[in-house]
Structures are given as C-alpha cells and as structure tokens.
Amino acid sequence: MKKLSILIPAYNEEKTVSEVIRRVFEADTLNFEKEVIVVDDGSTDGTLSALKALSSFPFVLVSHQKNLGKGAAVRTALRASSGDAILIQDADLELDTNDYPVLLRELTETNHVVYGSRNLLPQTNNERYLMYALGGKILTNFFNILYGTKLTDINTAYKLFQKDIIRADDLESDGFEFCEEITAKLTRKGYRIQEVPIHYTPRTFIGGKKLRAKDGVIGLWTILKYRNFR
Ligand SMILES: Nc1nc2c(ncn2[C@@H]2O[C@H](COP(=O)(O)OP(=O)(O)O)[C@@H](O)[C@H]2O)c(=O)[nH]1
Ligand SMILES: [Mg+2]
C-alpha cells in the first residue's frame, strides 16, 4: 500500500484547526495509507493547545518556536514526511477534503504533479473578494506567459505531487511565494502540472484570512526570479 503524507501548516488557526484535522482523518484517500504532519508555525493564539488536545488522532506535530511563514512551515513538514505522495492541506476550511479522491485519481505514472484549481467550477457561496480573484488571475497569467503553461490557479493550497520530484532542500521561500517558487521549479524541471476542479469557500479577513496585497507583489517577483531556473 502506498502512503500519502498530508502536510498541514498552521498559523493562528485555533478556530478551524481541530475541524480540519477531523476532516482529514475522515477523508477518503483511495488506496493510500495516511500520514498527517501538522506544523504549528509559532502561533500566538490557542492553536498549539488545540492541537495538543487532539491526542486521539495519530498525527505528527512539529512546532516552530517563532513564526516563519507558510513556505517555511511546508518545508519543515516535508522534512518530517515519509510518504510516496505529498499533499498540502491548509489549516482553514476554505477547501474541501471531499476533493481528495479527484486529486489522487489524477496522480499517475504520467501525472507527477496535480493541482486543485479553484477556477474550474462555477463556485457557489462566492463572497470571494474581487481583489483576490483578480490578484490570483494576474499571478497565474503572468506565470503562464513566462513559463509557457496553461494553468488556471497557481496559488491553490491543494498541491499534490510524487515524493521524489522535489525536496525541502530544493525550496527556499519562507512565505506565500512558496506557491510561485514550487510551480516555477517543477515546470522548469519539465513536469507538466495537471489541474483538477475543486470546491472553494473563501473566508473573510474577519474569518482569519491573512494574505495581503504585498504577497501579490512578492509573488510577481518570485515568478520573475525563477524564470531561468534549471
Ligand atoms: N498567513 C500565514 N499563514 C501561515 C503561516 N504559516 C503557516 N500558515 C498557514 O498557511 C495556510 C494559508 O494561510 P491563509 O491565511 O489561509 O491564506 P489564504 O487563505 O490564501 O489567504 C494556513 O493554513 C495558515 O495557517 C504564516 O506565517 N502566515
Ligand atoms: Mg486559506
């Protein structure tokens, strides 16, 4: 049986992290055995105590002493993982673990990388901020122009890939620009990223959303930075 490592970076997610973990353990991962790794990224709210209270679930918990960013948290989780396939799962409830089978089915000998795209389904419950939708489109289109791809959502959290195609030491971004970096490097290494439609229920800033305009600018710079990566 193959193993799927589900990596959960969590920063100040006391409201949602327990429910996310419950759903992750309930989720259908087809014929994959689950390994769940949660990284508390130096949270200052009750995230760590919420995680410690979840002892009935067999996940691995790694803690950063201070907040380092999503990219750094994913790298830490990657180092602790041993699965044949890797899936990133945010610690909020914006994406739907019911989409795991669709993602996993697409991961085959020929598809080494699968992204869940938030832009391929007519999304209901769309109080999605216009600026986000626009920002995401700009980043993805800019990426497509420079890398010759036809992607629709490079900033999605649901990134699924075979273990050996990229390692923690191959990555250096600490923040949200992790998305642009990994997409750029995988593309430059010659992997074609296969997208599948996923469901998306965006949260608001009050609901805990942390991404800001500055992250968009860093994203653009990151796309430029790796365009000649070999
Ligand atoms: N914002 C932020 N998120 C982090 C950090 N470290 C880990 N994360 C996690 O990365 C994921 C993405 O963050 P989120 O605010 O949902 O981003 P957004 O939904 O794209 O606006 C969540 O699971 C966060 O808990 C960090 O330093 N800052
Ligand atoms: Mg999110």
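Val20, Arg23, Gln89, Asp92, Leu93, Leu95 and Thr97 line the second largest cavity of this predicted model, a cavity being a set of points, on a 1 Å grid over the protein atoms alone, where a 1.4 Å probe fits but cannot get out, with lining residues having an atom within 4 Å of a point. This lining divides into three nonpolar, two polar and two charged residues, where Ala, Val, Leu, Ile, Met, Phe, Trp, Tyr, Cys and Pro count as nonpolar, Asp, Glu, Lys and Arg as charged, and the others, Gly among them, as polar. The volume of the second largest cavity is about 30 Å³, and the structure holds two cavities of 30 Å³ or more.

Asp92 leads on to ligand 1, as Asp92 is listed with Glu13, Asp41, Glu94 and Arg203 as the closest of the 17 residues that surround this ligand, each having a heavy atom within 4 Å of it. Six nonpolar, two polar and nine charged residues make up this shell.

Among the polar contacts (pairs of N or O atoms within 3.5 Å), a polar side-chain atom of Asp41 lies 2.6 Å from a nitrogen atom of ligand 1, whereas the backbone of Gly69 places a polar atom 3.4 Å from an oxygen atom of the ligand.

The model is predicted, with local features needing pLDDT of at least 70 and side-chain atom pairs pLDDT 80 or more, while totals for chains, interfaces and linings use all residues. Side-chain values use heavy atoms, without hydrogens and water, residues are numbered from 1 along each chain as its sequence is written, and chains are lettered from A and ligands numbered from 1 in the order in which they are written.

Conventions:
Polar contact = N/O pair within 3.5 Å; in protein donor to acceptor, adjacent residues only side chain to side chain. 1 Å grid on protein atoms, 1.4 Å probe; cavity = no way out; pocket = protein on both sides within 12 Å on 5 of 7 lines; lining within 4 Å. Points joined across faces, edges and corners; volume = space filled by probe spheres on them.
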